[in-house]
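Subject: Structure handover and notes

Hello,

I am passing on the structure we talked about, and I would ask you to open it beside this message.

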Amino acid sequence: MFRNYLKIAFRTLWKHRTHTTINVVGLSVAFATGLLLFLTSAFELSYDRFHADSDRVFRLYTEQTERDGTPNRSASMPYPLIGALKAEFPEVEAGTRIMWSNGGVRRGDQTYGKMVRSCDADFLKVFSFPLKKGNINTALANLSNIVISENMAKDIFGLENPMGKSLQIRMDSGWQPFVVTGIIGDFPDNSTQQYDALIRIENKGDYPEFKTKWDHTNHEVYVKLKSGVTPVMLQRRMQAFIDKYYAADIKEQKEQGRPKNSLGYQKSLLLMPLLDVHFDTETGSGQGVSRTYIYTLLLVGLFILAIACINFINLTIAQSVGRAREVGVRKSLGARKAQLFGQIWGETLLLCTVSFLIGLGLAWGALPTFNRLFSSHLTLNSFAKPNVLIITGLSFLLVTLLAGGYPSWFVGRFNAVEVLKGKVTLKRPGVLRNALIIAQFAIACLLIVCTLIIGQQIDYLREKPMGLNEEQVISVPIGQDLDAAMALRQLRDRLHSQPSVVSVSGTGVNIGAGLDGSSSRMMFGFAHNKRDVRCDWLRVDYDYLKTLGIKLVQGRDFSPSFGMDTVSSVLITQSMAKQLGESNPIGKFIKPDNKSFQIVVVVTDFNLYSLHQKAEPITLQMNNGPIRYVLVRVAPQNLSSAMTTVKSAWAAIAPKQEFKGSFLNENTDRWYKREQRLSAIFSTAAGIAILLSCMGLFAVALLTIEQRTKEIGVRKVLGASVTNIVTLLSKDFLQLVLIAIVIASPIAWWAMSRWLADFAYRINIQWWVFALTGLLATGIALLTVSFQSVKAALMNPVKSLRTE
């Protein structure tokens with residue numbers, strides 16, 4: 001019996017080759033797309049779950065409210081906090097400070113650029129990264145200890161045992177010796193904590209000055225709670241803790257009339273679960289991935305699968321009239337409904353299995369391209385994980401049930417007597433068929449609208465003036481193994497006589513995302529004339545304004561002619577002047593950290609960071625922190641030649657260092673990689689959705705026209721023109737597409753409004769986006785249906801009536 005069913009299934013599928021091809025192509029593409037998007041989402045959602053006690057690890061953050069009612073959440077903490085917290089809260093099993101930085105590592109005369117993270121000894125207890133060599137209790141016991149990763153050990157020591165060997169790390173004061181006391185396993189791709197080496201945070205140059213100050217924040221703090229302790233149990237006592245150590249700050253906020261935070265306090269210390277850190281877009285540097293982005297990937301995958309299933313259901317039901325006689329004969333010979341259901345569903349299972357296997361092949365073949373386009377980390381091993389196999393298998397069964405279940409039940413309930421008398425017909429046009437066509441075109445229209453709006457927003461971000469000119473400016477990371485001031489001076493001297501070089505300057509913060517992958521930010525908060533002031537603090541060098549094309553409003557630029565410029569002079573932006581409440585700030589003094597600085601110039605506002613965030617007031621100074629980047633403005637005539645000139649000059653200064661220079665406009669484009677990936681996903685999904693929807697519409701139109709062949713012949717005999725028949729056959733389908741557009745438009749508007757809310761600078765959604773989507777969908781549907789409609793209208797009516 002099984003072999004007979006299998007033989008009939010193959011014969012049926014071969015007989016309807018066109019529809020079989022449409023179903024196989026649609027399901028294969030849907031399976032491949034859904035699998036890749038599911039694996040990407042599963043990878044993102046797996047961040048930090050490999051830690052043994054991830055449910056007991058938390059990152060600290062503070063919450064307060066600005067004067068305008070805007071919540072201000074920050075994960076940046078002061079040095080003394082962890083010691084006080086561990087002393088007053090016995091529920092804390094372990095805690096560590098973590099400061100991110102890249103460092104130069106030297107052994108002998110060879111230097112390396114590595115991720116050297118500063119932390120406490122408890123880092124190895126809070127997180128469960130495996131310690132391959134060394135003792136977890138003593139590996140970071142001394143300030144001269146260093147724990148290195150397996151990858152770093154291989155790079156620097158090769159096959160030699162690194163334990164007990166010496167390394168030098170480039171610190172703020174120069175090269176400092178360390179002894180290797182541990183080898184830690186490499187971090188996996190789904191880890192928020194990334195490192196090549198770990199050293200004690202007390203080695204930082206500013207630690208002696210700020211180790212007891214609660215108003216200086218520059219690092220993150222993670223704690224591991226004892227088993228059975230929850231954040232809710234600690235919250236009330238943590239509020240008393242912060243009221244105690246931030247009493248002066250809280251008093252000042254009350255005097256300024258600041259509103260209370262969401263918990264009803266001026267300032268609160270809260271615990272963020274480790275598993276939420278990867279998705280945090282508010283605190284810290286804002287580099288987290290929004291969960292909305294992850295769920296969007298899953299939703300797009302489900303949309304594509306839904307469209308393929310809709311095609312299958314519509315085609316199977318449309319073909320059911322042609323199989324009615326077969327069902328009638330089987331019923332008259334004693335076949336039960338369950339047997340008929342099993343036969344029809346078995347055909348679905350066969351078709352889905354073939355499609356799934358092809359889809360797996362497509363996904364495997366597209367893996368390198370997918371990883372490159374969407375910055376994913378998928379490998380062949382991603383397909384073989386137990387949880388992936390289980391979910392994929394269950395999803396496959398669900399798809400076969402959804403796609404084949406209803407059609408199998410529908411065909412199995414035909415009445416045998418009526419079927420054999422030839423009285424079975426489908427209700428035209430079919431409520432279910434119409435609903436499914438509307439659903440798939442609504443999904444396609446939704447994706448098209450999202451693609452257009454995301455593309456507009458990306459273009460807006462790229463084209464919006466930043467207050468500076470990032471064109472024709474090369475940014476060169478200096479690295480940790482060079483004397484930054486000397487490197488800047490030498491490069492300036494070497495490029496001085498080059499006609500292609502306009503100016504050279506230096507800065508502590510890069511504009512955009514450079515090739516070194518590093519980012520940093522320093523902010524100061526202080527009081528000025530009883531006003532609460534908060535600003536970005538930027539280290540710059542001579543000619544910074546000239547190099548970036550920033551305009552002067554008042555005063556003069558930094559100049560070697562004024563000796564105090566390198567000691568106590570600062571430049572401020574217009575928004576900073578406004579925040580200070582000074583109409584003429586030139587010559588006035590500000591006192592962050594109880595140090596006095598004189599304002600010598602006011603410049604126009606400019607964006608130091610991406611347009612996701614509103615530009616903060618900025619103070620520019622010449623002696624606060626190291627220079628990390630050299631900025632070179634070049635002539636626009638031959639940019640590639642200018643880059644070669646800068647690269648050659650850099651090679652003479654740092655022959656052992658890799659040149660990672662890049663143009664600032666390329667850097668600023670990299671700020672929006674996530675949006676570009678989302679745009680690529682939506683545009684690809686929209687294309688697939690439209691293609692699958694049109695394939696389904698084409699097949700349904702073909703079957704509908706076949707069922708109406710006699711009607712078309714009669715109409716032609718009675719004098720109907722080709723235009724009349726095409727209109728008759730097309731209008732029903734076009735009405736469905738128009739209904740889909742009406743349904744999709746408000747959903748798309750709501751979803752995109754929510755997405756745009758994450759940007760401080762954003763476009764307004766225009767009506768023409770929905771009109772253009774409607775025209776595209778209508779035009780594509782019309783072309784799809786008209787092809788078959790015109791073909792039917794041109795058919796000889798005598799032949800069609802004779803056939804009937």
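In what order do the four strands of the open sheet stand, and is their pairing parallel or antiparallel? The order is β16-β24-β15-β25, and the pairing is antiparallel. Please keep in mind, while you look at this, that the model is a predicted one.

The edges of this sheet are formed by β16 (501-507) and β25 (662-663), and because each of them has a single partner strand, one side of each is left without a neighbour in the sheet. The partner of β16 is β24 (residues 629-634), and these two strands pair in the antiparallel sense over six bridges.

Helix α17 (residues 484-495) lies across β16 and β24, and runs at about 175° to β16. Helix α20 (residues 639-653), for its part, lies across β15 (473-477), β24 and β25, and its direction is at about 25° to β15.

Leu 548 belongs to helix α18, which covers residues 544-548. Is Leu 548 buried or exposed? Its relative accessible area is 0%, and because buried means under 20%, Leu 548 counts as buried. Leaving aside residues up to four places away in sequence, Leu 548 touches several others, including Val 473, Leu 631 and Leu 664. The C-alpha atoms of Leu 548 and Ser 505 are 9.1 Å from each other, while the two residues are 43 residues apart along the chain.

Another residue that I would ask you to find is Arg 59, which lies in strand β1 (residues 57-65) and is buried, at 4% relative accessibility. Which side chains make polar contacts with the side chain of Arg 59? One is that of Glu 220, at 3.1 Å, and another is that of Asp 280, at 2.5 Å. Among the residues that Arg 59 touches, not counting those up to four places away in sequence, are also Ala 75, Tyr 222 and Met 272.

Finally, a word on the cysteines. A search of the whole structure finds zero disulfides.

Terms used
Residues are numbered from 1 along each chain as its sequence is written. This is a predicted model: local features need pLDDT of at least 70, side-chain atom pairs count only at pLDDT 80 or more; totals for chains, interfaces and linings use all residues. Side-chain values use heavy atoms; hydrogens and water are left out. Buried means under 20% relative accessible area, exposed over 50%, partly exposed in between (1.4 Å probe, protein chains only). Contact means heavy atoms within 4.5 Å. A polar contact is a pair of N or O atoms within 3.5 Å; within protein, one must be able to donate a hydrogen and the other to accept it, and residues adjacent in sequence count only if both atoms are side-chain atoms. A disulfide is a pair of cysteine sulfur atoms within 2.5 Å. Two strands pair if DSSP finds at least two bridges between them. Axes are lines fitted to C-alpha atoms, for helices over the stretch in contact, and angles run from 0 to 180 degrees between N-to-C directions.
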